[in-house]
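User: Hello! Could you walk me through this model with a few questions and answers?

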Amino acid sequence: MVYKITNECIRCNLCQSACPVGAIKIVDNRPWIDPEICNNCFNSIYTVPQCKASCPTSNGCVKVTNDYWENWFNTYNRLIAKLTKKSDYWDNWYNFYSQKFSEQLQKHQQQMA
Ligand code: SF4
Ligand code: SF4
């Protein structure tokens, strides 16, 4: 399973600076996730994939898998969310914000120790 950047990307490059392993590169003026480097943010301090969490669009960065039905349901859910105008923008924003807040808190606690 990896994440990929879609045509809905608005090229804000937030995901590039958020990726903890530097897997997001600019290719032909567009961000691209190198599947050889992306580790899905496993074994890191992050509880959610940072590219997806930092993306201000609903579908600029999406999960892809080799499982046909999982892909099918992911696409289905995205289309339904679009049709009902439901957006996970604020969920993403909150996840990103709380992640950054806990990083700053950890840094502060280390400095105070
Ligand atoms: S899932 Fe994590 S490691 Fe992979 S591209 Fe996104 S931020 Fe980088
Ligand atoms: S954060 Fe989303 S919109 Fe911004 S560059 Fe990355 S994929 Fe594109």
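User: In which helix does Q99 lie, and is Q99 buried or exposed?
Analyst: Happy to start there, with a reminder that this is a predicted model, in which local features need pLDDT of at least 70, side-chain atom pairs count only at pLDDT 80 or more, and totals for chains, interfaces and linings use all residues. Residues are numbered from 1 along each chain as its sequence is written, chains are lettered from A and ligands numbered from 1 in the order in which they are written, and side-chain values use heavy atoms, with hydrogens and water left out. Q99 belongs to helix α4, where helices (H or I, at least four residues) and strands (E, at least two) are DSSP runs numbered from the N terminus. Its relative accessibility is 8%, so in helix α4 Q99 counts as buried (under 20% relative accessible area, with exposed over 50% and partly exposed in between; 1.4 Å probe, protein chains only).

User: Which residues is Q99 in contact with, leaving aside its neighbours within four places in sequence?
Analyst: Contact here means heavy atoms within 4.5 Å. With the neighbours within four places in sequence set aside, the partners of Q99 are I45, Y46, T47, V48 and Q50.

User: Y97 is in helix α4 too; what is its relative accessible area?
Analyst: Helix α4 covers residues 89-112, and Y97 is placed in it. Y97 is classed as partly exposed, because its relative accessible area is 45%.

User: How far is the C-alpha atom of Y97 from that of N40?
Analyst: Y97 and N40 are 57 residues apart along the chain. N40 is placed in the loop between β3 (30-33) and α2 (50-54). The separation of their C-alpha atoms is 19 Å.

User: What is the phi of N40, and what is the phi of C41?
Analyst: Most residues other than glycine have a negative phi. N40 and C41 each have a positive phi without being glycine. C41 is placed in the loop between β3 and α2. For N40 phi is about 60°, and for C41 it is near 65°.

User: Why do N40 and C41 count as buried?
Analyst: Both are judged by relative accessible area, and buried means under 20%. N40 is therefore buried at 13%, and C41 at 11%.

User: Which residues come nearest to ligand 1?
Analyst: A residue is near a molecule if one of its heavy atoms lies within 4 Å of it. There are 13 residues around ligand 1. Those that come nearest are C19, C38, N39, C41 and C51.

User: How many nonpolar, polar and charged residues are in the shell around ligand 1?
Analyst: Ala, Val, Leu, Ile, Met, Phe, Trp, Tyr, Cys and Pro count as nonpolar, Asp, Glu, Lys and Arg as charged, and the others, Gly among them, as polar. On that basis the shell around ligand 1 holds 10 nonpolar, three polar and no charged residues.

User: How does the shell around ligand 2 divide by class?
Analyst: The residues surrounding ligand 2 include I5, C9, C12, C15 and C55. R11 and G60 are also among them. By class the shell has eight nonpolar, three polar and one charged residues.

User: Where is I5, and what does I5 touch beyond four places away in sequence?
Analyst: I5 is part of strand β1 (residues 2-5). It counts as buried because its relative accessibility is 17%. Not counting residues up to four places away in sequence, I5 touches C15, I24, P31, W32, I33, G60 and C61.

User: What does I37 touch, on the same terms?
Analyst: I37 lies in the loop between β3 and α2. With a relative accessible area of 32%, I37 is partly exposed. Not counting residues up to four places away in sequence, its partners are V21, G22, A23 and K25.

User: In what order do the elements of the protein chain run?
Analyst: The protein chain has four helices and four strands. Its C-alpha trace spans about 50 × 30 × 25 Å along the principal axes. From the N terminus on, the order is β-α-β-β-α-β-α-α.

User: Last one: what percentage of contacts between residues at least 6 apart in sequence join residues at least 24 apart?
Analyst: The protein chain has 113 residues, of which 29% are buried. Among its contacts between residues at least 6 apart in sequence, the share joining residues at least 24 apart is 61%.
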